[in-house]
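Trainee: I am new to this structure. Could we go through it together?

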Amino acid sequence: MSCKISAFSFSNSPDSMNTRGLRLMDTRGLKFHKLKDMGDYNIPVCNSNKCDGQVPLSVKKFDSDMQKSDIIIFAVPECTGHYSGVFKNAMDWLVVKSYMNNSLGTTYGFSNKPVILITFSPAKEAGDRHFDMTRELLQKMGAKVIHSFVKNDCWKNLYPNNNDFVAKECSFITAFSNQFEPYEKMEVRQWQNTDDIQKLYDDWNNKWK
């Protein structure tokens, strides 16, 4: 099969190190179906705890782009030993969209799909400290995280046409895509229907009025 491989950088800057790293991988030969950074979507800070599934159009577009992909690459910057706030914000909005995880991680755009994590870092050794928590979060949300890569010393090595710098990662992704078969889809629910969760929310919210 011909896989659609999409890559998403969890930075709002089009010139971020992680966005540029994905661009290098794209020109190295992966030819992504989608290559986006979060600035392309302009997703606002999550400010909702409602369970009505209502989210900005930008969140719907982000999720739709993942839905149309077979293999997903997440470039997640490490910020103070953690995943970036931009990444967490996007995940929070997806939870709101899914009626507060009513689907138990089975209907997100990356649910039951292979996800590859990568971090491009200027540090000589750090950059991978967030991988355990990032992997755990994504797997709880239904992703199949199959590998994590960290690319260090990027101020020295991450520049146009330095294809050798990302050769190993591109080869891994290409080999995986060549033998990939889609995982079986499924859907479960915490509540029988959305009316049930809406009533729970309304009853709780009314107690504060």
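**Pocket and helix contact**

Mentor: Helix α1 gives the largest share of the lining of the second largest pocket, 5 residues. Helices here are DSSP runs (H or I, at least four residues), numbered from the N terminus. The model is predicted: local features need pLDDT of at least 70, side-chain atom pairs count only at pLDDT 80 or more, and totals for chains, interfaces and linings use all residues. Residues are numbered from 1 along each chain as its sequence is written, and side-chain values use heavy atoms, without hydrogens and water.

Trainee: Which elements give two or more residues to the lining of the second largest pocket?

Mentor: That pocket is lined by 13 residues. R20, L24, L158, Y159 and P160 lie nearest its centre. The elements giving two or more lining residues are α1 (17–30) and α6 (154–157).

Trainee: How are α1 and α7 oriented to each other?

Mentor: Their axes, lines fitted to C-alpha atoms over the stretch in contact, come within 10 Å. They cross at roughly 60 degrees, on a scale from 0 to 180 degrees between N-to-C directions. Under 35 degrees counts as roughly parallel, over 145 as roughly antiparallel, 65 to 115 as roughly perpendicular and the rest as oblique. α1 and α7 are therefore oblique.

Trainee: Which residues of α7 make the contact with α1?

Mentor: Contact means heavy atoms within 4.5 Å. From α1 come M25, R28 and L30. From α7 come A167, E169, C170, S171, I173 and T174.

Conventions. On a 1 Å grid over the protein atoms alone, a cavity is a set of points where a 1.4 Å probe fits but cannot get out, and a pocket is an open set with protein on both sides within 12 Å along at least five of seven lines; lining residues have an atom within 4 Å of a point.
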